[in-house]
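Hi,

Here is the structure I promised to hand over.

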Amino acid sequence: MGLEQALVRLEETKHGVLMLRRPVQAPTAGVVIVHAPGENRTGNNYLLSHAAAQMAARSMATVNFHLSGFGDSLGRKDVATWATQVESAGAWLAAEIPGRPVHFIARGAGAAVLPTDAAPGQRIAISPPTPAEVKELAATARHGSVTGLHPCPPDKATLWAALGAEPNLVGGLELPELVLMDVASRLETPRWDHEVVPRGREARVRSRVLLPADDLLVRLQTTRLGLTHTLIEFLRSWS
């Protein structure tokens, strides 16, 4: 099945530019894809842009975008604004495909800004960090911000990845302490229905997909393809 791509500016909400991918034929569902706070809409090593294209090629209309303060979204880094962006993207997509469910997928700490309810659509969090991990990192802030170190300490690699940094290229990622504390607060109560976690890491919801090893493998092409197709088949069962 072919797909179409277009950029859509949400003029009425001033909340950024959506990258829309949709099948040529009528879509069976919609998917809003949310990147982790420190990265851009392509996601960890292009995981999210690849997933969006693959989903669109399999009957699902997808949108992804830059959270405020990243990429072509020039606003400030603010969790409430990010949540509004996600809701606006979901509402816009729902209007484009009336009668079809709209699902949400968020990577890492992006799970903090998922909507509180998406029914009949489903919400999926890919390797979200725990509130305690984010609070511990926020406590290391200097002058109101936390900046990544290079090379990344091995014991912090998974956390930095969840915040949108490549574990070996953390330098340059800067997140305000208040943003991290807001993210931690929102993570206290899971805003997702299903969770993708590495095997051995405790999941916070009963419905979950287990990765064979640590989140670092998500960047590998084989895992990226496997995870994408797993999510496609899973969402099809809800559409």
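Let me start with Phe 234, which is partly exposed, with a relative accessible area of 24%. Trp 238 also counts as partly exposed, at 40% relative accessibility. (Buried is under 20% relative accessible area, exposed is over 50% and partly exposed is in between, with a 1.4 Å probe and protein chains only.)

Before going on, some housekeeping: this is a predicted model, where local features need pLDDT of at least 70 and side-chain atom pairs count only at pLDDT 80 or more, while totals for chains, interfaces and linings use all residues. Residues are numbered from 1 along each chain as its sequence is written, and side-chain values use heavy atoms, with hydrogens and water left out.

Now the aromatic pairs. Rings of Phe, Tyr and Trp (its six-membered ring) pair if their centres lie within 6.5 Å; planes under 30 degrees apart are stacked, over 60 edge-to-face and the rest tilted. That rule gives two aromatic pairs. In one, the rings of Phe 70 and Trp 82 have centres 6.2 Å apart and planes at 45 degrees, so the pair is tilted. Phe 70 sits in the loop between strand S4 (60-64) and helix H2 (79-96), and Trp 82 is in helix H2, 12 residues apart. (Helices, H or I with at least four residues, and strands, E with at least two, are DSSP runs numbered from the N terminus.) Both Phe 70 and Trp 82 are buried. The rings of Phe 234 and Trp 238 have centres 6.3 Å apart and planes at 55 degrees, so that pair is tilted too.

Trp 82 turns up again in a helix contact (heavy atoms within 4.5 Å). Val 79, Ala 80, Trp 82 and Ala 83 of H2 meet Val 179, Asp 182, Val 183 and Arg 186 of H5.

Is Gln 122 buried or exposed? At 9% relative accessibility, Gln 122 counts as buried. Not counting residues up to four places away in sequence, Gln 122 touches Val 102, His 103, Phe 104, Asp 193, His 194 and Trp 238. With His 194 there is a side-chain to side-chain polar contact at 2.8 Å. (A polar contact is a pair of N or O atoms within 3.5 Å; within protein, one must be able to donate a hydrogen and the other to accept it, and residues adjacent in sequence count only if both atoms are side-chain atoms.)

Cheers
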